[in-house]
Every structure is written in C-alpha cells, then in structure tokens.
Amino acid sequence: VKQIYLQVAKSMKEYEDKKYNQWREETEQILPLLLKNTLLTVIRVGAATSVNPETSEQSSVTEEPVTTKKSAHYIVNFSPVL
C-alpha cells in the first residue's frame with residue numbers, strides 16, 4: 001500500500017511540475033506584449049465602446065480627449081486569460 005501511495009504521489013508531483021512549466025513558458029512569451037499595454041483605459045460617459053470577441057477587451061470608439069474629471073470613466077484593460 002505504501003509503495004502505491006508513493007507512486008501516485010510521484011506521478012501527481014510530475015503532473016504538477018509539467019503544468020507549471022507549461023504555464024511559465026506561455027506566460028514568458030506573452031508577458032512582454034502585455035506589459036506594453038496600458039492598465040487603465042479612459043472612456044467618456046455615453047461614448048460607444050467596442051468589445052474584441054477574441055480577448056473580451058473593451059476599447060473606446062471615440063478618440064476625443066477627456067476635458068473634465070466628471071466626464072471620464074476608466075475600464076481595466078488586461079487580458080482575461082490571466
């Protein structure tokens with residue numbers, strides 16, 4: 001029984017290490033691109049927003065500068081995959 005327990009524990013540890021290494025490799029590839037994006041995006045009240053269906057990211061359709069604090073809203077701009 002002890003030997004079976006040790007075999008299962010070893011295979012679980014190998015699986016955990018494999019999954020972690022896969023995650024790490026994928027993250028190291030996309031992280032430099034994600035770090036270049038701004039974290040907060042300013043949108044105007046009443047402005048139309050578009051949603052990228054592939055990443056579920058919202059972006060403001062209008063490119064007009066925000067003139068007052070009352071007319072500005074912020075959305076978080078990061079990949080939902082993270």
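The model is a predicted one, in which local features need pLDDT of at least 70 and side-chain atom pairs count only at pLDDT 80 or more, while totals for chains, interfaces and linings use all residues. Residues are numbered from 1 along each chain as its sequence is written, and side-chain values use heavy atoms, with hydrogens and water left out.

The protein chain contains one helix and four strands, where helices (H or I, at least four residues) and strands (E, at least two) are DSSP runs numbered from the N terminus.

Two strands, β1 (40-44) and β4 (72-76), each supply at least two residues of the patch. Val 42 belongs to strand β1, and with a relative accessible area of 36% this residue is partly exposed, a class that lies between buried (under 20% relative accessible area) and exposed (over 50%), using a 1.4 Å probe and protein chains only.

Two salt bridges are found in a search of the whole structure, each being a side-chain nitrogen of Lys or Arg within 4 Å of a carboxyl oxygen of Asp or Glu. In one of them, Lys 13 meets Asp 17 at 3.2 Å, N to O, and both residues lie in helix α1 (residues 2-36), four residues apart, which is about one turn of the helix. Lys 13 is partly exposed at 45% relative accessibility, and Asp 17 is partly exposed as well, at 33%. Glu 28 and Arg 24 also form a salt bridge, at 3.1 Å, N to O, and they too sit in helix α1, four residues apart; Arg 24 is partly exposed at 41%.

Turning to the chain as a whole, 11% of its 82 residues count as buried. The chain exposes about 7,500 Å², of which carbon and sulfur atoms supply 58%.

Methods: Accessible areas come from the Shrake-Rupley method with a 1.4 Å probe; for residues, only the protein chains shown count as cover.
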